Amino acid sequence: CQYPRRVVGVAKPWVTHLNLSQNGLEGSISPAIMGMKGLKILDLSKNRLKGDFEPVVFLGGGFQCEDSSDSSGRARDNMYHRQCNRDSECAPGKCLFAGGLEEVWMDDNLLSGTISPEIGRLHRTLRILDLSQNRIKGTIPATMGVLKQLVEVNLYFNHLVGTIPPELGLCVKIRFLHLGVNHLSGSIPASLGNLARLEQLDLSMNQFQGTVPSTLGVMTSPVRTAACDRPGGSCFGESMRNLVLHSKNYCTDGQLTNWQIMGFKQPCATGDPSPLYQCKSCENPYPSGGRSNTLASPAADCHAGLPPFPGAADMSPLAPAYNDYPWGPVMPFPVPVGGVGPSLRLMILSRCSRTPSVYSVPPPPTPAPPPPPSANPPPSSST
């Protein structure tokens, strides 16, 4: 637990880091946590917390009186950290934005609520959101599109349903995106191709339909044999375009299909011997084991040798208008448009199983056999 103290005047603690990981905590998250306005890093991972995590989304920070950074002096003690709207309310201090969660680690708990649209309140500061290995249900809200500081999103192993909101493609700083092992359906939005900094992607074990967008990169596994299906070839990308996730042609004899859809900027482990699929750097992608990883991205040289990617479509129609929300970002919201995609090396594999699973694409229904002819047909009516 870390907090700064004022050097002179009223010594007022202001908690910025709270780590209660692996403490065997039970029960629900108290709404009292909303009073920790200065909290930046919250780690409640690996406990047995239940219920909703919505109180956390109200820790988006706010404007308050702070000490001036110039020589004019400090905010008066009775105004220090008080909410404000303008500098004149804090003289000789300043009215500055303070607080706002930057990292939320709540993985490996028993949380069962939903991801509220109010998560957009964290749009100024949130960089890391890890809610993996819980029981969170409901949909992924479109308001996540305003979380423009996001670098890492991990919602692995939950009970999320619905589609991936195309607005997620507005979070152009994302480097790690894991939505695997949920109940997501619909098509994979081409807008994810707008995430040019993306280094690690996992959409496995869901119920998607359609194809994997070519805006994400190139398929390197299973390894292709056709020379034309390599960079520069006449049918480059054809294998991925022809791979239909909801097709029933990949498993036989009533087996069920589980899809593994993963992409990496990990050029030394692509599974493809062609140097055209490899970046010059052999560093592991973000994150390479361990939290808050600051490993430099190998993305800078990963476009070399590959033909131009189509990139994402114009994102302007997805620009969120949240005028009804008090936390709404100042409009106009910056909207990135199409460009080069993340150039991931994609592994798209179908796994067949006879064991039913909520993550499986079911086989086509077997038509019912016609009823057998009756041994004693009813007597015909006579006139």
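The model is predicted, so local features are reported at pLDDT of at least 70 and side-chain atom pairs only at pLDDT 80 or more, whereas totals for chains, interfaces and linings use all residues. Residues are numbered from 1 along each chain as its sequence is written, and side-chain values use heavy atoms, with hydrogens and water left out.

The protein contains one helix and 19 strands. These elements are DSSP runs, numbered from the N terminus: helices are H or I runs of at least four residues, and strands are E runs of at least two. Of the 383 residues, 47% are buried. Buried means under 20% relative accessible area, exposed means over 50%, and partly exposed lies in between (1.4 Å probe, protein chains only). The accessible surface comes to about 18,400 Å². Carbon and sulfur atoms account for 55% of that surface. Areas come from the Shrake-Rupley method with a 1.4 Å probe; for residues, only the protein chains shown count as cover.

Strands of a sheet pair through backbone hydrogen bonds, either parallel or antiparallel. Here, two strands count as paired if DSSP finds at least two bridges between them. Ten strands form an open sheet. Their order is β1-β3-β7-β9-β11-β13-β15-β18-β19-β17, and the pairing is mixed. The edges are β1 (17–19) and β17 (217–221), each of which pairs on one side only. From one strand to the next, the twist averages 15°.

Tryptophan 105 stands opposite aspartate 130 in β9. Glutamate 103 is also found in β7. Its relative accessibility is 8%, so glutamate 103 counts as buried. The side chain of glutamate 103 makes a polar contact with the side chain of tryptophan 105, at 3.0 Å. A polar contact is a pair of N or O atoms within 3.5 Å; within protein, one must be able to donate a hydrogen and the other to accept it, and residues adjacent in sequence count only if both atoms are side-chain atoms.

Three strands form another open sheet, in the order β2-β4-β8, with parallel pairing. Strands β2 and β8 stand at the edges with a single partner strand each, so one side of each has no neighbour in the sheet. Two bridges join β2 (residues 26–27) to β4 (residues 48–51). Glycine 27 stands opposite leucine 49 in β4. Two bridges also link β4 to β8 (residues 110–111), again in the parallel sense. Here lysine 50 stands opposite leucine 110 in β8.

The model holds one disulfide, defined as a pair of cysteine sulfur atoms within 2.5 Å. The bond joins cysteine 84 to cysteine 95, with an S to S distance of 2.1 Å. Cysteine 84 lies in the loop between β5 (62–66) and β6 (94–98), and cysteine 95 lies in strand β6, eleven residues apart. The torsion about the S-S bond is about 100°, so the disulfide is right-handed. Cysteine 84 is buried at 6% relative accessible area. Cysteine 95 is buried at 11%. Cysteine 171 counts as buried because its relative accessibility is 0%.

Backbone torsions were examined next. Most residues other than glycine have a negative phi, and most peptide bonds are trans. Valine 181 has a positive phi, near 55°. Valine 181 lies in the loop between β13 (176–178) and β14 (185–187). With a relative accessibility of 12%, valine 181 counts as buried. Methionine 205 likewise has a positive phi, near 55°. Its place is the loop between β15 (200–202) and β16 (207–209). Methionine 205 is partly exposed, with a relative accessible area of 24%.

Definitions and conventions:
Axes fitted to C-alpha atoms, helices over the stretch in contact; angles between N-to-C directions.
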